[in-house]
Amino acid sequence: MDPLWRGEKSTIEENLAQWESNGKSLIAQNGGDSKVKWRPDEEELKSMGPAFQARWKEFFQGRPDKAVAIWCTFAGYIPPLSSSLANVLPSRSYITAAYYTLYPVSTGSVHIKLGPDGKEELDFTTGFLDDPSDIVPLTFAYKKTREIHRRIPSYRGEISAGHPRFSEGSAAACGEASGPVDLNTPDIVYTTEDDEAINDFHRDYVQTTWHSLGTCAMKAEAVQGVVDARLNVYGVTNLKVADMSIAPLNVGSNTYSTALLIGEKAAMIIAEDLGIDCTACPS
């Protein structure tokens with residue numbers, strides 16, 4: 001995917017021509033060739049320390065269908081929004097390891113407030129990693145996905161600028177390699193200082209997967225809900241909300257199918273409010 005993402009003209013023209021010819025082309029791909037939905041086993045859970053234990057018992061333990069995170073491999077270099085290396089990296093083929101927590105505790109907020117000039121302005125807080133339990137799965141995922149990628153045949157090392165800033169001499173330091181390590185090679189041993197570097201890296205570069213939701217959550221007004229079970233905004237008449245903003249929790253997947261479901265259900269609710277019998281409507 002790198003030539004496309006770098007904007008190489010000949011590659012773009014070739015793929016556009018292929019798309020126009022048969023509807024198949026890399027321009028219709030996001031480069032995400034493989035994904036793993038991950039839940040820790042007992043040994044992994046123990047290694048994650050006490051900061052995550054309460055969250056595990058409260059939310060994940062009794063819900064075997066809920067993955068803690070998704071690990072992905074992308075066939076190309078995907079830069080963090082806050083620090084792009086795309087213009088300085090050599091024109092080679094890259095692989096990006098990515099990982100996403102699915103049910104974080106931390107939440108942000110969006111409000112309207114009056115600014116110093118008396119005009120309305122946005123009061124927006126992301127809330128990323130405010131809860132200490134949220135960073136633990138990211139640290140574990142960094143270490144585990146790194147070990148996985150060190151063992152794939154195409155591995156030729158790591159770009160240090162895309163990793164935590166490990167101190168010189170650290171066993172975790174990144175660099176070029178002539179090939180993958182042996183499958184039985186021991187995992188990298190991280191020191192406390194290394195772990196701090198990983199945490200700093202996540203706090204500096206964490207970003208969303210563009211599936212943001214929940215700013216008008218459907219839940220009780222007493223717990224900061226915005227809409228009721230029939231999509232009505234609390235305290236306002238004749239106003240409903242029907243999009244991904246009503247989700248009370250993360251859906252733990254791509255939001256497309258959930259958005260379709262919300263739209264379909266909203267149509268039924270609105271029809272009922274208007275006295276329309278949906279059972280008579282053709283399917």
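A pocket is here an open set of grid points with protein on both sides within 12 Å along at least five of seven lines.

**Figure 1. The second largest pocket of the predicted model.** The volume of this pocket is about 480 Å³. Its lining is made up of 18 residues, and those closest to the centre are Ser-47, Met-48, Thr-139, Phe-140 and Lys-143. Two or more lining residues come from each of helix H3 (42–47), helix H5 (135–149) and helix H6 (192–205).

**Figure 2. Helix H5 at the second largest pocket.** With seven residues, H5 gives the most to the lining of this pocket. By residue class, the lining of the second largest pocket holds eight charged, six nonpolar and four polar residues.

**Figure 3. The largest cavity.** The model has one cavity of 30 Å³ or more. The space in the largest cavity amounts to about 70 Å³. Among the residues that line the largest cavity are Thr-101, Leu-102, Tyr-103, Pro-104 and Val-105. Its lining also includes Ser-133, Asp-134 and Pro-137, as well as Val-68.

**Figure 4. Helix H4 at the largest cavity.** Helix H4 spans residues 50–60 and gives the most to the cavity lining, with three residues. Phe-52, Arg-55 and Phe-60 are among the residues that line the largest cavity. Sorted by class, the residues of the lining are eight nonpolar, two polar and two charged.

**Figure 5. The secondary structure elements of the protein chain.** Seven helices and five strands make up the secondary structure. Read from the N terminus, the order of elements is α-α-β-α-α-β-β-β-β-α-α-α. Along the principal axes, the C-alpha trace spans about 70 × 55 × 50 Å.

**Figure 6. Burial, contacts and surface of the protein chain.** The chain has 283 residues, of which 32% count as buried; the cut-off for buried is under 20% relative accessible area. For contacts between residues at least 6 apart in sequence, 61% join residues at least 24 apart. The protein chain has an accessible surface of about 18000 Å², and 55% of this surface belongs to carbon and sulfur atoms.

Technical notes
Residues are numbered from 1 along each chain as its sequence is written. This is a predicted model: local features need pLDDT of at least 70, side-chain atom pairs count only at pLDDT 80 or more; totals for chains, interfaces and linings use all residues. Side-chain values use heavy atoms; hydrogens and water are left out. On a 1 Å grid over the protein atoms alone, a cavity is a set of points where a 1.4 Å probe fits but cannot get out, and a pocket is an open set with protein on both sides within 12 Å along at least five of seven lines; lining residues have an atom within 4 Å of a point. Grid points are joined across faces, edges and corners, and a volume is the space filled by probe spheres set on the points. Helices (H or I, at least four residues) and strands (E, at least two) are DSSP runs, numbered from the N terminus. Ala, Val, Leu, Ile, Met, Phe, Trp, Tyr, Cys and Pro count as nonpolar, Asp, Glu, Lys and Arg as charged, and the others, Gly among them, as polar. Buried means under 20% relative accessible area, exposed over 50%, partly exposed in between (1.4 Å probe, protein chains only). Contact means heavy atoms within 4.5 Å. Accessible areas come from the Shrake-Rupley method with a 1.4 Å probe; for residues, only the protein chains shown count as cover.
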